[in-house]
Amino acid sequence: MKRGLVLALALLQLAAWAAGPLGRPAPPFAGVTLDGARFDLSEHLGRRPIVLHFWASNCPPCRAEAPYWAQAQQAYGDRLLIVGVDVQDLPAMAREFVARYGWSFPNVQDGTAAVAAAYRITGKPTTVFVGIDGTVVGYHPGPYGNAAAFERDLLRLIRWRP
């Protein structure tokens, strides 16, 4: 009996870890962007929906979906905030990547992967959706296979209400 209870508790803890902050307030973080500016997520929470895009320049799927992000910034940048989180990357390579794809949104350096760990990111790319109330309302692990699915998720976030 005791052994079964211990196993059940361990499975609940594992499930909670796997879900990460889904349904909870977005873990705050602060850092430096690739262009040297200071960025603090807490200054933006509660103002508009936020999309956190975890990526790296050496990630082939990140390159494949990179054009979607520039298009999203142009189309929806006035209705949501896109924030790139560059995980364990060389800053020079990351800056070259951002320039090549025309990204104009902030890209925070996460050299130690501390931000990725706070959001339970296990692979790149991963997209995290933060509602206007500052709650994590969705995850998309892996690359988007097409622009339509990507746009659908962005519009769902824009329309989401607590």
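Student: Does Cys62 count as buried or exposed?

Tutor: The general idea is a scale of relative accessible area, on which buried means under 20%, exposed over 50%, and partly exposed in between, taken with a 1.4 Å probe and the protein chains only. Cys62, at 0% relative accessibility, therefore counts as buried. This is a predicted model, in which local features need pLDDT of at least 70 and side-chain atom pairs count only at pLDDT 80 or more, while totals for chains, interfaces and linings use all residues. Residues are numbered from 1 along each chain as its sequence is written, and side-chain values use heavy atoms, with hydrogens and water left out.

Student: Which residue does a disulfide join to Cys62?

Tutor: A disulfide is a covalent bond between the sulfur atoms of two cysteines; here a pair of cysteine sulfur atoms within 2.5 Å is taken as one. The partner of Cys62 is Cys59, with an S to S distance of 2.4 Å, and a search of the whole structure finds one disulfide. The torsion about the S-S bond of Cys59 and Cys62 is about 80°, so this disulfide is right-handed. Cys59, with a relative accessible area of 8%, is buried.

Student: How many helices and strands does the protein chain have?

Tutor: Helices (H or I, at least four residues) and strands (E, at least two) are DSSP runs, numbered from the N terminus. The protein chain has five helices and seven strands, and from the N terminus on they run α-β-β-β-α-β-α-β-α-β-β-α. Of its 162 residues, 45% count as buried. For contacts, meaning heavy atoms within 4.5 Å, residues 24 or more positions apart account for 71% of those in the chain with a separation of 6 or more.

Student: Which residues of helix H5 are buried?

Tutor: An α-helix has 3.6 residues a turn, so residues three or four places apart point the same way. In H5, the buried residues are Ala149, Phe150, Asp153, Leu154, Leu155, Leu157 and Ile158, and they pack against strand S3 (50–55), helix H2 (60–76), strand S6 (126–130) and strand S7 (136–141). H5 itself covers residues 147–159, and its 13 residues reach 18 Å from the first C-alpha to the last, close to the 18 Å expected at 1.5 Å a residue, where the expected span is 1.5 Å times one less than the number of residues. At the start of the helix, a side-chain oxygen of Asn146 reaches to within 3.1 Å of the backbone nitrogen of Ala148.

Student: Which residues touch the most other members of the largest nonpolar core?

Tutor: A nonpolar core is a set of buried Ala, Val, Leu, Ile, Met, Phe, Trp, Tyr and Cys residues joined through side-chain atoms within 4.5 Å. The largest one has 27 residues, and Val51, Trp55, Trp103 and Leu154 touch the most other members. The elements that give two or more residues to this core are S3, H2, helix H3 (91–101) and H5, and the largest share, seven residues, comes from H2. Apart from this core lies another, of 20 residues, among them Val83, Val87, Ala116 and Ile121. Trp103, leaving aside its neighbours within four places in sequence, is in contact with His53, Trp55, Ala66, Trp69, Ala70, Phe97 and Val98.

Student: What joins the side chains of Thr33 and Asp35?

Tutor: A polar contact is a pair of N or O atoms within 3.5 Å; within protein, one must be able to donate a hydrogen and the other to accept it, and residues adjacent in sequence count only if both atoms are side-chain atoms. Such a contact, of 2.3 Å, joins the side chains of Thr33 and Asp35. Thr33 is placed in the loop between strands S1 and S2 (38–40) and is buried, with a relative accessible area of 5%. Beyond its neighbours within four places in sequence, Thr33 is in contact with Phe39, Pro106, Asn107, Val108 and Gln109.

Student: Where is there a cis peptide bond, and which residues other than glycine have a positive phi?

Tutor: The backbone angles are read residue by residue. The cis bond joins Lys124 and Pro125, with omega about -5°, and Pro125 sits in the loop between helix H4 (114–118) and S6. Ala113 has a positive phi of about 65°; this residue lies in the loop between strand S5 (107–110) and H4, and at 16% relative accessibility it counts as buried. Arg120 has a positive phi near 60°, is found in the loop between H4 and S6, and is partly exposed, with a relative accessible area of 30%.
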